[in-house]
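Keep the structure open and follow each residue as it comes up.

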Amino acid sequence: MFKNQPAGLYVLSLANTGERFGYYTMLAIFLLFLQAKFGFDSTVSGQIYAGFLALVYFMPLVGGWVADKWSFSKCVVTGIAVMFIGYLVMAIPTDIRSTSSLVILCAALALIAIGTGLFKGNLQVMVGDLYNTPRYSGQRDAAFSLFYMAINIGSMFAPMAATAMCNMALESQGFSYVASLPAACNAFLDGNTTAEALATIAAEGGMTFSNAAEFASQYITTLTTGYSYAFAVACGSLIISFLIYFIGRKTFAHIITDKKSDAAKTAQTAGPELTPAQTKQRVVALLLVFAVVIFFWMVFHQNGATLTEFAKSCTSPEAGGWTRIGFNVWALLSIAVGVYALFNLFQSKGTTSRVVSVVILAAVAGALWYFYGATENPLTGIQPQQYQQFNPFYVVALTPVSLAIFGWLAKKKKEPSAPRKIGYGMLMAAVAYAVMMIGSFAIVGTSATVSPNWLISTYLLLTFAELLLSPMGISFVSKVAPPKLKGSMMGGWFAATAIGNYLVSIPMLLWGKINVWVLWAILIGICLVSALFIFSIMKKLEAATADSPTPEAEANALETVEDDAI
């Protein structure tokens, strides 16, 4: 899967890895930060969380329009700078439970959203432009899978970084993390609970106090300061991202265009223009796919919303057996390395390469045995955000599996088209929430705890759905978008994602008001209806994208990958 890929792919992917590490470090704790610092309940914090995600994924539509008129590369660099300022503002500790702090936070979130809008979609357009030549065109889908994998390498380490910063701040003051304690501290400061009740919860973490009001205020301040440290980590990751982009600029210099001075070069890169009818067909096809994408992201991004609430309120903070090493990101990384070594062992034709793979597999086995023995049994004090490392881990580990399966199908000329993969992704998401529903039958309201394995299994199934939908969807947009509307159409993908992310707030509005299993049943229904819709329009989608006069499509016509969808 790494063969016949341009060097620019790796530079752009690593630049995105740094930016995504910072973003997901912030996002892993964002809901918890809102609830701790401002005392918001699940309804209010869920609305803010969803609104922020919606803005983050809507702004690439504006960023794509700007890039179509200006320059993709300049937008990317500007976006890094704007995001850096936003994270820097969030990294400065402010007063808890104050209106001024909330105003400052909103300003920082706006900067992050604007910067992301300039950076995210336009960087992906640049990745797509690397494959506008016959030499690389057949590797486009594999390239976006590798690009997506790089994103998730950064995401995988983000919860660990956020947790480490949180623990560092708490331990410096002699505190420890208890999931229900921030809410209890805010409830006491609001006069809604007693000092005795607060003391009982604090005792779960081995903490005592003589002055309840002072303890509550100090605990929240310390915890949110730790979250601010995590936002500072995001600043550092953006510096690294910029350095990678700047130093590796030569590897993708041939696709950089300036809309004002390089019109000829732009025309050469874009290829022949489409007719108005062809442009309309392609835009309509993309809009239909976007309609389904809305509901996928609504259910998928529950990882930072209802699934985080479930981890905090309904999941045991203890894990035993082999499950416990899953909360060690280095153990997860070892497993991912082992997967790649195993694939190389069977795919490599050279003896030396195979020997190296065997050595790596032996080292991985030793590392896992060490992590198993060195981790306390049971592992206690698991924090809600730590569950968010499972999804990116699964993406990294399963990417070669998905590429191998689709590569095998491609050789037999049976690989599903991108729209079909999206439909299958919606069905898989329904299966994921069916697992959550089964695991939640014993929960009445939100007053019970279940095994961490229910969430871990759900994240695995959601990752299968994500691999079927997200990288394939991005690749589909890159191929089908009319040349003069590349930025806008990639922005349209993110606008659809934005709407879906805002709809994330709907299940959060229902949290605590209905039984948890009913909530998952609603999400299952949404997934099934969306899958039915996309399968019902499949012929129209494939027919609309069949005729393409661009050099890219002419080259792809010689390939076996995605022929039916081009």
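Helix axes here are lines fitted to C-alpha atoms, for helices over the stretch in contact, and angles run from 0 to 180 degrees between N-to-C directions. Helices (H or I, at least four residues) and strands (E, at least two) are DSSP runs, numbered from the N terminus. This is a predicted model, in which local features need pLDDT of at least 70 and side-chain atom pairs count only at pLDDT 80 or more, while totals for chains, interfaces and linings use all residues. Residues are numbered from 1 along each chain as its sequence is written, and side-chain values use heavy atoms, with hydrogens and water left out.

Start with helix H11 (residues 306-313) and helix H19 (residues 516-536). Their axes come within 12 Å and cross at roughly 160 degrees. Angles under 35 degrees count as roughly parallel, over 145 as roughly antiparallel, 65 to 115 as roughly perpendicular and the rest as oblique. H11 and H19 are therefore roughly antiparallel to each other.

Which residues of H11 and H19 meet? On the H11 side they are Thr306, Leu307 and Phe310, and on the H19 side Val516, Leu519 and Trp520. Contact means heavy atoms within 4.5 Å. By class, this contact of H11 with H19 has five nonpolar residues, one polar and no charged. Here Ala, Val, Leu, Ile, Met, Phe, Trp, Tyr, Cys and Pro count as nonpolar, Asp, Glu, Lys and Arg as charged, and the others, Gly among them, as polar.

H11 is also well covered. Six of its eight residues are buried, so H11 is largely enclosed by the rest of the structure. Buried means under 20% relative accessible area, exposed over 50%, and partly exposed in between (1.4 Å probe, protein chains only). The buried residues of H11 are Thr306, Leu307, Thr308, Glu309, Phe310 and Ala311.

Now compare another helix pair. Helix H10 (residues 276-300) packs with H15 at an angle of about 20 degrees, their axes 11 Å apart. H10 and H15 are therefore roughly parallel to each other. H10 passes H15 in a left-handed crossing. H10 brings Val289, Val292, Phe295, Phe296, Val299 and Phe300 to the contact, and H15 brings Ile422, Met426, Ala429 and Tyr433. By class, that makes ten nonpolar residues, no polar and no charged.

Next comes the core. In soluble globular proteins, nonpolar side chains tend to be buried together. A nonpolar core is a set of buried Ala, Val, Leu, Ile, Met, Phe, Trp, Tyr and Cys residues joined through side-chain atoms within 4.5 Å. The largest one in this model has 171 residues, and those with the most contacts inside it are Leu181, Tyr219, Tyr227, Phe310 and Trp520. Helix H1 (residues 7-38) gives the most to this core, with 16 residues. A second, separate core of five residues includes Ile325, Ala331, Val364 and Phe371.

Ile29 lies in helix H1. Ile29 is buried, with a relative accessible area of 0%. Ile29 and Thr224 are 195 residues apart in sequence, yet 9.9 Å apart in space, C-alpha to C-alpha. Beyond residues up to four places away in sequence, Ile29 touches Ala162, Tyr227, Ala230, Phe231 and Gln385. With the same exclusion, Tyr227 touches Ile29, Leu32, Phe33, Ala36, Cys166 and Tyr177.

Finish in the loops. Phe175 sits between helix H5 (140-172) and helix H6 (181-189). Is Phe175 buried or exposed? At 11% relative accessibility, Phe175 counts as buried.

Most residues other than glycine have a negative phi, and most peptide bonds are trans. Arg97 has a positive phi, near 60 degrees. Arg97 is in the loop between helix H3 (72-91) and helix H4 (99-129), and at 29% relative accessibility counts as partly exposed. Lys413 also has a phi near 60 degrees. Lys413 is in the loop between H14 and helix H15 (418-439), and at 66% relative accessibility counts as exposed. Last, the peptide bond from Asn377 to Pro378 is cis, with omega near 5 degrees. Pro378 is in the loop between helix H13 (351-374) and helix H14 (390-411).

Conventions
Left-handed = near helix turned anticlockwise from the far one by under 90°.
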